[in-house]
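Biologist: Could you walk me through how these labels get assigned? I'd like the cut-off behind each word.

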Amino acid sequence: MKARTYITALLLILPALVTGQEAWTLEDCISFAVENSPTVNNYKARSEIYAQDCKETIASLFPSISASTSAQFSFGRGIDDNTNTYTNVNSFSNSYGVSGSMTLFDGLASVYRVKMAKAANLMGTEEWRKSKDDAAFNTMQQFFLVQGYQGMVDLCREQLEENTRILEQTERMAEAGLKAYPDVAEMKAQVAAAQYELTRNINLHRLSLIKLKEQMNFPLDGELEIVPFDVDRQVAHAGVTPMQVYNFASNHNPVAVSTRLDEDYSLYNYKAVKGSLFPNLYVQGGFNTGYSRYIGSSAERFWNQLENKRGHYVGVGLSIPIFSGLSRSSNTRRAYLNLQIARNTTELRMRELYGAIEQAVADVNGQADEYNQLLLQAEAEEVSYRLSLRKYDEGLISAIELQTSSNRLLESRARANTSVLLYMLQARLLEYYMGVPLYAR
């Protein structure tokens, strides 16, 4: 007996030892999807680009400095650097210079461009966070779909086993003259129908698992096996109003934050364009020196020439825009209209966010009521089926009536299984709007 138990246990664990697979929990699937999603990685790259653009814009406020040098050989007629007269002697000369400039005032356009870059940087971060949340929720949704089909497979397998048992019992009773052979034929048909439902749900489960692998960007040649999510929470109403959730989500949800940052970006752009209408005041300065000599003759030492020929300059410039083909006024009008579009978009997105929250609260409350009613129905159908089975054994009802009761039981249990998964999905979504992350960050 001990040897048989040992062999049975070995056969159960042998497939896992051969394949080396580990079952994936919901959190495992979500983490893998977030880390390996091409869409999420694209938003991450865009966020890093926005961060680099922000640094570049801030650096543009500092003075710009450049250095230059040149070397020149002159052959034939040329100008003497010392006497500034023409000469026919070959010569060599080189020069060195450093110059710099800085904007003192440009209508605060540079300041608003920095604010634009900071808003774009934060907006990129929020869009990246939103892409991770979307990947997590879509993976969760597909995971629950796989689990739902797995539950249907288990229920169909139980029904097939039950119908097979009743068929065998009916055949024995027919041989004893207690049942008619049409009852046997009817039960065979029911067994075949149960086998079909099992096969169909196995295929649907397989297809849903393929979709889950696609959502996770799972390796093409990898095998995925999931651990069913344990529904260990009480199925109850949300306990909050949509407005309570919205008051929090409107300040923390990435959709709301990103929308407001986009409006800020348009506002800063409008102010920057208006700033370009003002005069531009700037200061500039520089230093230059050089060295020269006639080829084949002596000359003043290199360092002495650099010291003697050095020059400096400092200047202040003022650029006043007068007319540029209406481009400035057109840009200002265009920026103002883009600001109006951004404000309208913010109002629309916030209204959509409230609608999504309101729907999530209604879904949680509705699914809670539906699941509790389905539990009562499944319990009643279970009692009804057991009574129908007893009546069938006593010859009081036909196989068709028994199968009708069995189908009602299967349907109620399947709907309860689906309902609790939908409740879990909507509850997690509502918690997300309330600030609970969809995955372990």
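What follows is a chat about the labels used for this model.

Modeller: Ground rules before we start: this is a predicted model, local features need pLDDT of at least 70, side-chain atom pairs count only at pLDDT 80 or more, and totals for chains, interfaces and linings use all residues. Residues are numbered from 1 along each chain as its sequence is written, and side-chain values use heavy atoms, with hydrogens and water left out.

Biologist: Fine. What makes strand 1 and strand 4 a pair?

Modeller: Strands (E, at least two residues) and helices (H or I, at least four) are DSSP runs, numbered from the N terminus. Two strands pair if DSSP finds at least two bridges between them. Strand 1 and strand 4 have eleven bridges and pair in the antiparallel sense, so they meet that rule. Thr-69 stands opposite Tyr-96 in strand 4, and Gln-72 stands opposite Ser-93.

Biologist: How many bridges join strand 4 to strand 5, and how many does strand 5 have with strand 6?

Modeller: Strand 4 is joined to strand 5 (residues 280–294) by 14 bridges, running antiparallel. Asn-94 has Tyr-291 as its bridge partner there, while Ser-93 faces Ser-292. Strand 5 and strand 6 are antiparallel too, over nine bridges; one example is Asn-288, whose partner in strand 6 is Gly-311.

Biologist: Why do strand 1 and strand 6 stand at the edges?

Modeller: The open sheet has four strands in the order 1-4-5-6, with antiparallel pairing. Strand 1 (64–74) and strand 6 (311–319) each have a single partner strand, so one side of each is left without a neighbour in the sheet. From one strand to the next, the twist averages 20°.

Biologist: Why is Ser-99 called partly exposed?

Modeller: Buried means under 20% relative accessible area, exposed means over 50%, and partly exposed is in between (1.4 Å probe, protein chains only). Ser-99 comes out at 26%, so it counts as partly exposed. Ser-99 is in strand 4, and its C-alpha is separated by 9.5 Å from that of His-312, 213 residues apart along the chain.

Biologist: How do you know there are zero disulfides?

Modeller: A disulfide is a covalent bond between the sulfur atoms of two cysteines. The test here is a pair of cysteine sulfur atoms within 2.5 Å, and a search of the whole structure finds zero. As for accessibility, Cys-54 has a relative accessible area of 7%, so it is buried, and Cys-156, at 1%, is buried as well.

Biologist: What makes Trp-24 and Phe-32 edge-to-face?

Modeller: Rings of Phe, Tyr and Trp (its six-membered ring) pair if their centres lie within 6.5 Å; planes under 30 degrees apart are stacked, over 60 edge-to-face, and the rest tilted. The whole structure has twelve such pairs. Trp-24 and Phe-32 are 5.3 Å apart centre to centre, with 85° between the planes, which gives edge-to-face. Trp-24 and Phe-32 are both buried.

Biologist: And why does the Phe-143 and Phe-144 pair get its label?

Modeller: Their ring centres are 6.4 Å apart and their planes are at 70°, so that pair is edge-to-face. Phe-143 and Phe-144 are both buried. Ring pairs also link Tyr-96, Tyr-291, Phe-302 and Trp-303 into a cluster.

Biologist: What puts the charge of Arg-46 over the ring of Tyr-43?

Modeller: The rule asks for NZ of Lys or CZ of Arg within 6 Å of the ring centre and within 35 degrees of the ring normal. The charged end of Arg-46 sits over the Tyr-43 ring, 5.1 Å from its centre. Lys-132 lies over the face of Trp-128, at 4.3 Å from the ring centre.

Biologist: What is worth noting about the phi of Leu-108?

Modeller: Most residues other than glycine have a negative phi. Leu-108 is not a glycine, yet its phi is positive, about 65°. Leu-108 is in the loop between strand 4 (91–105) and helix 4 (109–175), and at 43% relative accessibility Leu-108 counts as partly exposed. Asn-217 has a positive phi as well, near 55°, and is found in the loop between helix 5 (181–216) and helix 6 (242–252). At 37%, Asn-217 is partly exposed.

Conventions
Axes are lines fitted to C-alpha atoms, for helices over the stretch in contact, and angles run from 0 to 180 degrees between N-to-C directions.
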